[in-house]
Amino acid sequence: MKKPLHLLPDGNPETGFVPSSLVAESDFTTDDKTETISSFFESTDEKISTGVWECAPCREVIEAYPVDEMMTVISGSVTLTASDGSAQTFGAGDTFFIPKGTPCTWEITQTLRKFYMIAA
């Protein structure tokens, strides 16, 4: 039976957090290379997913963001720099969206925990 999901900032209590590997080890900017994910939902066609992701400080230059993604920062901070050099910093409580194909530099300056909703 389908029903609304309550996304919890501490992750899915049924599955918890598991290791994630979206960030290359060389992109981490501190000795901490922790990256975890807790999934709440994935559509049967795997095109939509939502959950909580947490990552230690890192910096990635992304030529084309691979998905459409809406995020709400639970804790920590991330700075996104557009290809024109303009930068925006997002912290706890901020919600933002990155369209698929967007070139940007993604820099986590404090361990980031975020809700995500991805449309692939």
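Predicted model: local features only at pLDDT ≥ 70, side-chain atom pairs only at ≥ 80, totals over all residues.
Leaving out neighbours up to four places away in sequence, Phe96 is in contact with Glu69, Met70, Met71, Val73, Val78, Leu80, Phe90 and Trp106. Phe96 sits in strand S7. Its relative accessibility is 6%, under the 20% limit, so Phe96 counts as buried.

Val78, one of the residues that Phe96 touches, has a set of contacts of its own. Again without counting residues up to four places away in sequence, Val78 touches Gln88, Thr89, Phe90, Phe96, Trp106, Glu107, Ile108 and Leu112.

As general background, nonpolar side chains in soluble globular proteins tend to be buried together.

The protein has eight strands and zero helices, and along the sequence its pattern reads β-β-β-β-β-β-β-β. The radius of gyration is 14 Å, close to the 14 Å that the globule rule gives for 120 residues, so the protein is as compact as a globular protein of that length. Taken along the principal axes, the box filled by the C-alpha atoms is roughly 45 × 30 × 25 Å. Of contacts between residues at least 6 apart in sequence, 67% join residues at least 24 apart.

Burial and surface complete this overall view. Of the 120 residues in the protein, 38% are buried. The accessible surface comes to about 7200 Å², and carbon and sulfur atoms account for 54% of that area.

Next comes the region around strand S2 (residues 35–42), where Thr36 is found. Thr36 has a relative accessible area of 16%, which means that it is buried, as this value is under 20%. Setting aside residues up to four places away in sequence, Thr36 touches Phe17, Val18, Pro19, Ser20, Val52, Trp53 and Glu54. Thr34 lies 62 residues from Phe96 along the chain, and their C-alpha atoms are separated by 23 Å.

Glu46 lies in the loop between S2 and S3. Its relative accessible area is 56%, over the 50% limit, so Glu46 is exposed. The phi angle of Glu46 is near 65°, a positive value in a residue other than glycine. His6 belongs to the segment before strand S1 (18–19) and, at 62% relative accessibility, counts as exposed. From His6 to Thr36 there are 30 residues in sequence and 19 Å in space, C-alpha to C-alpha.

Technical notes. Residues numbered from 1 in each chain as written. Heavy atoms only, no water. Helix = DSSP H or I, 4+ residues; strand = E, 2+ residues; numbered from the N terminus. Rg over C-alpha atoms; globule rule 2.2 N^0.38 Å. Buried < 20%, exposed > 50% of the residue type's maximum accessible area, 1.4 Å probe, protein only. Contact = heavy atoms within 4.5 Å. Areas by Shrake-Rupley, 256 points an atom, 1.4 Å probe, with all protein chains shown as cover.
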